[in-house]
Amino acid sequence: MKTKKVNPRNKRMFHGLKKTKRSINVEGKWKAVELDPSLFAEEGMEGLVCFEELTNYSMLDSEKMANDVEKQPKKNKKAKKRKSTGEEEAPSKRSKKRKKSEKGTVTVEGSNCESHSEHQDVIKDKMPKPVKRQQKNWTEVVLDGCNDRKTDVSAWKDLFVPAPVLKALSSLGFGSPTPIQALTLPSAIRDHKDILGAAETGSGKTLAFGIPMIHTILEWKKNSAELVEDNIEATIPMKSLYLPEPTASENYSVEEEVIKDAETESEDMTKEEENAAGSFSQPLLGLVLTPTRELAVQVKHHIDAVSKFTDIKTAIVVGGLSQEKQRRMLKLRPEIIIATPGRLWDLIKEKHPHLQNLRQVRCLVIDEADRMVERGHFAELENLLEMLKTAHFNPLRQMFVFSATLTTKHSLPTRLLQKRSLDQRSRLEILIDKVGIKAKPKIVDLTRKEATVETLTETCIQCQKEEKDFYLYYFLLRYPGRTMVFANSIDCIKRLNSLLVILDCDTLPLHANMHQKQRLKNLERFAERDRCVLLTTDVAARGLDIPNVQHVIHYQVPRTSETYVHRSGRTARATKEGLSLLLIGPDDMMNFKKIYRTLGKDEELPMFPIETKCMEAIKERVNLARQIEKVEFHNSRKKHHNSWLKQAAEDMEIDLDDDLLIGKGNDEEQDREQKMMVKGMKKHLKHLISQPVFKSTMKTKYPTQMGKLLLPHTTLTGRKNALSMVSMQEKKKLNKLVSSQQQKKGKKQK
């Protein structure tokens, strides 16, 4: 769009002129402004709800727009007609129009200006539409690869799966059910039994409860539609003998429409809310409760994928995301809600209309149930379950309780076993009582004695606590791929992230102190990149189905056997192979032995093979990176502490004592020297990183100017992966044992 450049000197001339009426063309979205809660308590602010700001907009001259519309009413009518009928123009006509529109130049001074809407269409025709990057969940990485297929789903037909779901399964490429799905679906759909399911990680538990829930909702809708039809037939409206019938022109007139500004997403949402709020006949029918926000997002995406050929709506209610937006989504009255207990209980206490009648809930799912009902966790869940068992009880409600470690036995200390007050019931009995399952449920237990899957290779490295950084960096450098590194504390994750970033590793952190949007963004990035490291606490240990995770490293040994099983379950999913590596220090040995005793593992865990000749170079790099990280951490801590104190003193209008500041004694010369030292260390580290650690064994005896053949650094793609190295080591051990036994037999025979 060509615009006339205004000389800054002439700007003063416009101040005295009469201001023209201008309107706003909204191009972006209104966003809520974060305010101090104490502001709402001030006098005169009682009715204030929130402030919203709009940053992406353009100003329009409303009088000029009206004149342009009057000049060209026919064109606008045709455009309206074309929009309403939805007829597509021939490509030749489009190209002609485009050529005509390109001829007319639009300027600010021009008297024969075209309308703003037409001008925008011209720009859209001229400019190629930019590919809008849609926000994807990491689950869509898997689903995108298998869309629009037509897979044979005859294996599902005997499991009473609804026809729309079969169509969706065919398009997603799910040709046959997993064992947990095959054993669960008939009892859940045909017999309408409550289900207690225990199966390995990555075995398809989400569809095991998602498909029966969709079936129940479709049946409810079918029955309610029949009832509505009967009522309509019974009450047919009588035609009036005196009043004339309203014509179509009276109801709706295209000519009376006026071109309005582009409506924002929030305005569209409010209209949908009004329509949905009027349909109070649509209750909440399915409720899924999960322990983590990321798992709730994943479950929603999976249910949406399977129900895409139905009109079932789903909504997510989790902490960390906009509460106002979630309230608006609930006003649309979705049939299924996937929630974490805390945020759901908050909305129930607020008496949200869609959550008032939970008696109508036909399906209740508790995913990762053993974690959800642990004492001291999820106090809101206990209140919620108690309410569903008493005030909002429904005898027709179907219960689904799933976990990978539902039947794992605890090895309690003897001091606890000796107490008489200890509940002697099994975990399943306690769970059934808490959830409120009355009848005998169908129990599907597909867990192995070892609790981990067969395709998982478990191995360990025993080292000192200070050496864990060396072996972690060695593994990430030697075996690049999609790797998850678990630690028990957030501080440990932050330190590892800073250290590995300095060492030029592609890392993404994930922990509870991060904003929810950033957590989801990091999961999405991790799923997209082939070579990436996700540094995470146990917030990502349960349920997350991240595609093609090759390695799981336990930087710190988990505190419980369940956590170990769930962490290790992020790899080797759906019959794929994976590696689980434990870094065991002296402090971790007791915890490690307890976990292996609980899981009933008799065999000794194999040691992961290490190339000792490379460790010197690894240690040099890591030690240098540690020094840099230590200095940078101290500086950032000092800066944060001092800025906070100065801001507080300024707000309170008091003088700040210099003794309270960190590093007050340091002068500018010392700071300059420290910066130069860090700069030199970084330069040296960069040089070290550029050198190959794992040198190729290729021998080159050729006459060259330098005495050797200059070859580019060989990539690690040709090298053997971590799994093959472990299996080779095990084979060598086995061969040694066999040869030693044969030697002993030979000596005895002699």
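I looked up methionine 59 and found it in strand 4 (residues 57-61); strands (E, at least two residues) and helices (H or I, at least four) are DSSP runs, numbered from the N terminus. The model is predicted: local features need pLDDT of at least 70, side-chain atom pairs count only at pLDDT 80 or more, and totals for chains, interfaces and linings use all residues. Residues are numbered from 1 along each chain as its sequence is written, and side-chain values use heavy atoms, with hydrogens and water left out.

Methionine 59 is partly exposed, because its relative accessible area is 38% (buried means under 20%, exposed over 50%, partly exposed in between; 1.4 Å probe, protein chains only). I noted that Ile24, Tyr57 and Met59 make a nonpolar surface patch of about 270 Å². Patches are made of residues with over 30% relative accessible area and no salt bridge, nonpolar side chains being joined within 5 Å and like charges within 9 Å.

Strand 16 runs parallel to strand 13 (residues 482-486), joined by 4 bridges, and phenylalanine 486 has histidine 554 as its bridge partner. Strands count as paired if DSSP finds at least two bridges between them. Another 4 bridges join strand 16 to strand 17 (residues 578-584), again in parallel, with histidine 551 opposite leucine 579. From strand 16 the chain passes through helix 21 (residues 561-568) to strand 17 in a right-handed β-α-β crossover, that is, clockwise from the first strand over the helix to the second with the strands pointing away from the viewer.

I then checked salt bridges (a side-chain nitrogen of Lys or Arg within 4 Å of a carboxyl oxygen of Asp or Glu) and noted a count of 21. Aspartate 311 and lysine 221 form one at 3.2 Å, N to O. Lysine 221 lies in helix 8 (residues 205-234), and aspartate 311 in the loop between helix 11 (293-306) and strand 7 (314-317), 90 residues apart. Aspartate 311 is exposed at 51% relative accessible area, whereas lysine 221 is buried at 16%. Lys221, Asp311 and Glu335 are linked in a salt-bridge network.

Arginine 478 and glutamate 611 form a salt bridge with closest N and O atoms 2.8 Å apart. Arginine 478 lies in helix 18 and glutamate 611 in the loop between helix 22 (589-598) and helix 23, so the pair ties together parts 133 residues apart in sequence.

Methods
Accessible areas come from the Shrake-Rupley method with a 1.4 Å probe; for residues, only the protein chains shown count as cover.
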